Every structure is written in C-alpha cells, then in structure tokens.
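Subject: Structure handover

Hello,

Here is the structure I promised to pass on. Please open it first, then read the notes below it.

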Amino acid sequence: MQDQNIHYPEKGLYHLKQAMVAIALGREQDPILWPYQRAVQESNLTDLRGFIESCAVYLFAITLGMVKEDIRKRLQGFGDHPEDYLAVNTAVPVAEAQEKKVADFFRDLVCEALSLADELKEKYPSIELEELILIRKNNQQSQSPAIRKACHIYPEVSANVQGFIRSRVAIPDIYLFSDTGAGTVDQSTFIFYHRSDNTEHLNFLCGHVLPLGAGRIDFLAAELRGNLDPCHLEAICQKREEGSEDQAIRQAKNIIGEDLKKGTIKTLAQAKRKMINQDNIREIKVIFGGGGHCEHPYERCVVRGPFSHSLFREPINPPVVGLPIPHDLTFDGRNENTKRRWMRRLNVAYGLSFLKEDLSGFTYPKDCEDPNPGQIWPRVRHIPDAVSKDEC
C-alpha cells in the first residue's frame, strides 16, 4: 500500500498485531480475523494461521530491511566485522506478553523476519504469496543462536514509559497507564521503584487489553449508519481525526466511553486486590499514551467515573502525569504541540531503542499473585528484591 493516509483500503488487512494475538491463543472466531478469513477464502487457502504468519513476517522483514539499509548508509561497513551487532526489541501489551504462547509466537516470527530482512526488502513493495511461502519454507536461518539472541519481547507499557522513568519527573509511585491505539486500549497498573542496586523496576499488578481503540469508533459509527464499506469507514475516520462529529460518531464515542469506564474499574479493582495496604490505591497517578488518545472518550472516561466508584472510600481526582519529550531527540524546529503529538506515537519506539540490558526490569502480573511489601509498595527505605523467572 503506497498511501499511508488510508486507514481502510479496499480488501485491506487491519490490526495485524491483534490478529497475531488471536491466532496465537487459538481464538479463530475473533472478529478481528474477519479480513484475514476473507482473504484466505478468496485465495483458496486453507491455513489461516500460516497466512497471518506470512503477513507478519513480510511486514516485519521489509521494515527491518529498511532499518538495516539506513544503518549501512550511516555506518559504512556495518556488518563486515564479526562483532557488529543488531538487536530487535518488540513490544507486546503486558496482558498478552505474559502469555507464553503469545510471546513465543511473536519472537519466532520476529526471528524469521530478521533472518529474511535483506532478501524480502528487495521484494518490496509487493510479493506473490506463493513466492513468500516458498522463501519461508527454504529459510534455515531463523533458529540460529545469533538470530535468537538478537530478538527480544518486551512489555509495551514498559517501553512506553522509558523516557518517563529516566526523566527528573519520575518518582516511585503507583501508576495507571492507559494507551490508546487504533484497535485497542492497553491498560496496566504498575509500581515504579528503585531496587536496592539503584536500578529501575516496574512491578505490574495487572494488565488488560480492551477492544476499544480509536478504530472501533469508526466501526461502531459505520454500523450505526448501516454501511461498513471501506470507503465509508475511511470517510468516518477522516472526519473523526479532524475533530468533527455527527450523531453516529458521538453515539459511538459514548458507547466506547461506557465500556472504557467498566474496563478501567476492572483494572483498578485487580490492582487494589494485590496491594498490602489497599487504601494506597488513592495515591495512584494516571499516564496516557498512544496515537489514538484524545479527550473524549479516552481521557474523560478514565479519570471521570472510575475514580468515583465504590473502590474508593470517597471520590478522588487522580493527577495526570505527562510523558516528557526525551532530551536526546530532535524535531527540527517543530513547535511543542507538534512534538507532543508525535511523541504519542514514538514513545514505544524510543523505549525499544535501548539495548535489552539497559531497559528497566519488570515483573509480570502473573508473578505478583502473592504480594509481599517489598514487591508491591515501595514506600520504605529498603526494598527486598522480588525474584521472578520472567524478570528482565
């Protein structure tokens, strides 16, 4: 696809990451797979999983191929020395990254893509599916120790907040992160603190992936109008992104908002259950991120309603913490509003740009089932280190 401004191309494949999660977990009836099921039927294929794998490998490979090409332009001779090294960090939502099936599936496909990056880059912008399947079948490199060592899976929220936790505004505390993408809202509650060796650590109390992303507003509005044609979806999307509304878009936003309130209450409730002193939930701070974030419904319906719920002895107005613009990024004279708008989309990429060894450690929600004071609430002088097999 040449026009990156088109969100819903005719016979397009949307939300590949969500499709990968659904297929990894065996949810073949998930509505997110409908465009892929349609493409498989029209191509007389029988293997939906294999088709999604091929889509992911091709997308990852051409992206990595472009990255490698750019590196070679900047660093002449890169790759000639045996100690030259390229690592790939891939972000997956917390709730899904802790699922071994999902983490393994993503890592396997990223490893395969890295091994095919140079070859498939030459096939851009299009390739016959049969040729791609044959190339994948003949590839013997994706399981090599060097490739496996270079590819890592990392929680998306952890990547999103790397700039924050490295900044002067970051303080040890409990946070709710609400990240709005095109397909989902990824919510996590986490404790940020410094361990006894002064390294930063994130303890995730819970994580949810809510199917309430900005693109869901478009689909709901289109359903309310009775027309799911891609051209109609595209018109709704453009109108929404321009800040315009009609009755269908307003109604869709209100539906999303009510579901977001319920999802946020669930996120907060699970976090509260894991806290030693449950009244500390009142000290929570909120961070928003994601390219789809806007005031209504994504900010309004998180900070209003859920914090007046019976989870709290009395309603609170949680502080909203902004993600700072990293000091080591330049934007060529763009104004502050433009920089902040861009950083909503770039925070994850910025966080993943660090070597795995330099990224903050974390503990998944599934490893915080039996909390102790050192694991959960860092407001003491010395924190006993929490040990977890999945910890980075």
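This is a predicted model: local features need pLDDT of at least 70, side-chain atom pairs count only at pLDDT 80 or more; totals for chains, interfaces and linings use all residues.

**Salt bridges**

Side chains of opposite charge can pair when their charged atoms come close. A search of the whole structure finds 22 salt bridges.

Start with Lys 68 and Asp 118. They form a salt bridge, and their closest N and O atoms are 3.1 Å apart. Lys 68 sits in helix H3, whereas Asp 118 sits in helix H6 (residues 117-121), so the bridge ties together parts that are 50 residues apart in sequence. Lys 68 is buried, at 17% relative accessible area. Asp 118 is partly exposed, at 34%.

Next come Asp 218 and Arg 240. Their side chains meet in a salt bridge at 2.7 Å, N to O. Asp 218 belongs to helix H11 (residues 214-225) and Arg 240 to helix H12 (residues 230-241), so this pair ties together parts 22 residues apart in sequence. Are these two partners buried or exposed? Asp 218 has a relative accessible area of 0%, so it counts as buried. Arg 240 is buried too, with 15%.

Salt bridges that share partners also join Arg 49, Glu 53, Glu 112 and Arg 136 into one network.

Asp 104 bridges to Lys 100, with the closest N and O atoms 2.5 Å apart. Both residues lie in helix H5 (residues 100-115), four residues apart, which means about one helical turn separates them. Asp 104 is partly exposed at 32% relative accessibility. Lys 100 is exposed, with a relative accessible area of 62%.

**Where H3 crosses H7**

How do H3 and H7 lie relative to each other? The axes of helix H3 (residues 48-74) and helix H7 (residues 129-138) come within 11 Å and cross at roughly 85 degrees. The two helices are therefore roughly perpendicular to each other. On the H3 side, the contact is made by Gly 50, Phe 51, Glu 53, Ser 54, Val 57 and Tyr 58. H7 contributes Leu 129, Leu 132, Ile 133 and Arg 136. By class, this contact holds six nonpolar, two polar and two charged residues.

**A loop residue: Ser 142**

Ser 142 is found in the loop between H7 and helix H8 (145-150). Its relative accessible area is 11%, so Ser 142 is buried. What does Ser 142 touch, leaving out residues up to four places away in sequence? The partners are Cys 111, Glu 112, Ser 115, Ile 147 and Arg 148.

**Aromatic pairs**

The count comes to nine aromatic pairs. One of them joins Phe 362 and Tyr 364: the ring centres are 4.9 Å apart and the planes stand at 70 degrees, so the pair is edge-to-face. The cut-off behind that label is an angle over 60 degrees. Phe 362 is buried, at 1% relative accessibility. Tyr 364 is buried as well, at 7%.

Elsewhere, ring pairs link Phe 164, Tyr 175, Phe 190 and Phe 204 into a cluster.

Best wishes

Note on methods:
Residues are numbered from 1 along each chain as its sequence is written. Side-chain values use heavy atoms; hydrogens and water are left out. Rings of Phe, Tyr and Trp (its six-membered ring) pair if their centres lie within 6.5 Å; planes under 30 degrees apart count as stacked, over 60 as edge-to-face and the rest as tilted. Buried means under 20% relative accessible area, exposed over 50%, partly exposed in between (1.4 Å probe, protein chains only). Axes are lines fitted to C-alpha atoms, for helices over the stretch in contact, and angles run from 0 to 180 degrees between N-to-C directions. Angles under 35 degrees count as roughly parallel, over 145 as roughly antiparallel, 65 to 115 as roughly perpendicular and the rest as oblique. Contact means heavy atoms within 4.5 Å. Ala, Val, Leu, Ile, Met, Phe, Trp, Tyr, Cys and Pro count as nonpolar, Asp, Glu, Lys and Arg as charged, and the others, Gly among them, as polar. A salt bridge is a side-chain nitrogen of Lys or Arg within 4 Å of a carboxyl oxygen of Asp or Glu.
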